[in-house]
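Have the sequence and the 3D view open as you read.

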Amino acid sequence: MDDFHSFINRYLSKWKAADLIFMEIVIDETFQGIEVRDGVTSTHGKEASVAGWKQAFEYFKDKEMEWILTPITILPLNSKEVMAIVRATMTLEGKLINTSNLFFQTFRRKNGEWKLIRTYEETGVSNI
């Protein structure tokens, strides 16, 4: 578990850099995601998750945008799993947007690497 802190720093750095290849590699084949947007809950697997990251990274590619990723806590769940709770927001044209997304992401140590196996995402959380 000691290496998880190094991993999560690298993960957040790759997220900020819009590194789709890294995201695709770190998301496990068995990934399960739940997203709550405007009170509507949806589920998705790895393919849809990668497509979502690609869409977001492409959308903001030519915009003056910067991710602001704040780890809230890291919770060991068992000997092989850790949950990271991350608040994600951004600046657009130098101004902080009004909302954040909260990500409850569970990573599992598999074959010597950390893999994202589950995500619960709550969108549109106020930044106030």
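## About the model

This is a predicted model, in which local features need pLDDT of at least 70 and side-chain atom pairs count only at pLDDT 80 or more, while totals for chains, interfaces and linings use all residues. Residues are numbered from 1 along each chain as its sequence is written, and side-chain values use heavy atoms, with hydrogens and water left out.

Let's begin with H3, residues 46–60. Helices (H or I, at least four residues) and strands (E, at least two) are DSSP runs, numbered from the N terminus. The expected span of a helix is 1.5 Å times one less than its number of residues.

Lys46, Ser49, Val50, Trp53, Phe57 and Phe60 are buried in H3. Buried means under 20% relative accessible area, exposed over 50%, and partly exposed in between (1.4 Å probe, protein chains only). Viewed down the axis of H3, the buried residues fall within an arc of 110 degrees, so they line one face of the helix; the arc is that of the directions from the helix axis to the C-beta atoms. They pack against H1 (4–16), H2 (20–26), S1 (27–37), S2 (40–44), S3 (65–76) and S4 (81–92), where contact means heavy atoms within 4.5 Å. On the other side of H3, Glu47, Gln55 and Tyr59 are exposed; Glu47 has 71% relative accessibility.

## The nonpolar core

A nonpolar core is a set of buried Ala, Val, Leu, Ile, Met, Phe, Trp, Tyr and Cys residues joined through side-chain atoms within 4.5 Å. The largest one here has 27 residues, and Phe4, Phe7, Tyr11, Trp15 and Phe107 have the most contacts inside it. At least two core residues come from each of H1, H2, S1, H3, S3, S4, S6 (99–110) and S7 (113–126). H1 gives the largest share, six residues.

Which residues does Trp15 touch, leaving aside its neighbours within four places in sequence? Its contacts are Trp53, Phe57, Trp67, Leu69, Val86, Ala88, Phe103 and Gln105.

## Strand pairing

Two strands pair if DSSP finds at least two bridges between them. S4 and S6 run antiparallel and are joined by eight bridges, with Phe104 of S6 as the bridge partner of Ile85. S6 also pairs with S7 in the antiparallel sense, over 11 bridges; here Glu121 in S7 is the bridge partner of Phe103. The hairpin of S6 and S7 has two residues between the strands, and Asn111 takes a positive phi near 50 degrees there.

## Salt bridges

The whole structure holds seven salt bridges, each being a side-chain nitrogen of Lys or Arg within 4 Å of a carboxyl oxygen of Asp or Glu. Lys14 and Asp19 meet in one of them (3.4 Å, N to O). In another, Asp28 and Lys110 meet at 3.0 Å, N to O. This pair links distant parts of the chain, with Asp28 in S1 and Lys110 in S6, 82 residues apart. Asp28 counts as buried at 7% relative accessibility, whereas Lys110 is partly exposed at 27%.

Lys46 forms a salt bridge with Glu29, their closest N and O atoms being 3.0 Å apart. Lys46 lies in H3 and Glu29 in S1, so the pair ties together parts that are 17 residues apart in sequence. Lys46 is buried at 14%, while Glu29 is exposed at 65%. Finally, salt bridges that share partners join Glu81, Arg108 and Arg118 into one network.
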